[in-house]
Amino acid sequence: MNEPNPFLDPARQQELYGHASRLAGRTSALMRAKTSGRPVPETIVSLVQTHHAHPDRLGTVLDIGCGRGTSTLAIVEQLRPRRVIGLDAAPALLVQARARSEELPDTVAEFVEGDFHDLPRPAGSCDVAVAAFCLYHSPRPNDVIAQIAKVLAPGGLSVLVTKGLDSYREMDQLVAAAGLDVRAEKHESLYTAAHSGNLAALATSSLDVIATLDEKHAFTFDGHDHLAQYLATNPKYDLAPGLYGNPGALAATLHEFRPDQPLTTRSLITFVVAQAKEESA
């Protein structure tokens, strides 16, 4: 019997996002490995600038699943809306987001805890709603997209972002071959609920899709120590207790398996730009 997908298992959420340092460490290792693909926050900003009728006169922007606030800050700095609200379900991540934006006035950037199945915003109140790398945390992503449609103002724009099902498969292959998790290639993708192959179809349940963009991203980890920093808290793998959360021990195990060498892995990033459906006359 397959174990529950970690991204859809409520019992795993505290482990995954209860300590912001774990996500920060994993994200930092991945970004240091990046060799191709535009930064996602910049792509989001570019899509808003291209597809919104008035990108220089935005009112409220809602950043759903804002995490540590990386996209939120890019939106503030590059789009300069009157107000940006970052929403996340993880208090520890919101603490970091607030700390990273402490020089911004509260009237410009605000971070709130909330459930994206019930967005705490009035209907029609947001000029832009962003949902990047979060829809696959919902067993009912259609419900989240319906909420997004509800809060969008007339002419408002949504930017949804996810990953391909087989992202980082080269990493899965190494983890399995090294015996760290022999079933690594057989685990369900973390992105099953909302992935590159179904995101546009999910969006059409409540929105009118106006553009879809697929971008290939590549990452080269320079050796076992670098890779272990990413793998140590990756929820996809069933690592031995002495290895999970312990990059040093994990790197030592990799060194026993094969000589130190770089690992290149890839991910497909999909952006869907959509608007609220027009009401029929």
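I looked up P247 to begin: leaving aside neighbours within four places in sequence, P247 is in contact with A228, Q229 and A232, where contact means heavy atoms within 4.5 Å. The model is predicted, so I note that local features need pLDDT of at least 70 and side-chain atom pairs count only at pLDDT 80 or more, while totals for chains, interfaces and linings use all residues. Residues are numbered from 1 along each chain as its sequence is written, and side-chain values use heavy atoms, with hydrogens and water left out.

**P247.** I find P247 in helix α10 (residues 247-257); helices (H or I, at least four residues) and strands (E, at least two) are DSSP runs, numbered from the N terminus. P247 counts as partly exposed because its relative accessibility is 33%. The scale I use is buried under 20% relative accessible area, exposed over 50% and partly exposed in between, with a 1.4 Å probe and protein chains only. I also took the C-alpha separation of P247 and V151, which is 42 Å for residues 96 apart along the chain.

**Cores.** Next I looked up the largest nonpolar core, which has 60 residues. A nonpolar core here is a set of buried Ala, Val, Leu, Ile, Met, Phe, Trp, Tyr and Cys residues joined through side-chain atoms within 4.5 Å. The members that touch the most others are I64, I148, L160, M171 and L231. Beyond four places in sequence, I64 has contacts that include L87, F116, L119, V130 and I148. Another core lies apart from it, with 26 residues, among them V76, A97, A109 and I269.

**α6 and the strands.** In helix α6 (residues 141-151) I list P141, V144, I145, Q147, I148, A149 and V151 as buried. The cover over these buried residues includes β2 (60-64), β5, β6, α8 (199-203), β7 (207-221) and β8 (263-276). Strand β6 (residues 152-163) is mostly covered, with 10 of its 12 residues buried. Strand β5 (residues 126-132) pairs with β6 in the parallel sense over 6 bridges; two strands pair if DSSP finds at least two bridges between them. V128 stands opposite L157 in β6.

I searched the whole structure and got 1 cavity of 30 Å³ or more. The volume of the largest cavity is about 150 Å³. Of its 14 lining residues, E3, P4, P6, H187 and K236 are the closest to its centre. For the terms: on a 1 Å grid over the protein atoms alone, a cavity is a set of points where a 1.4 Å probe fits but cannot get out, a pocket is an open set with protein on both sides within 12 Å along at least five of seven lines, and lining residues have an atom within 4 Å of a point. Grid points are joined across faces, edges and corners, and a volume is the space filled by probe spheres set on the points.

**Positive phi.** I noted R80, with phi near 55 degrees, in the loop between α4 (70-79) and β3 (83-88). R80 counts as exposed because its relative accessibility is 67%. Y168 has phi near 65 degrees and lies in the loop between β6 and α7 (169-177). Y168 is buried, at 5% relative accessible area.
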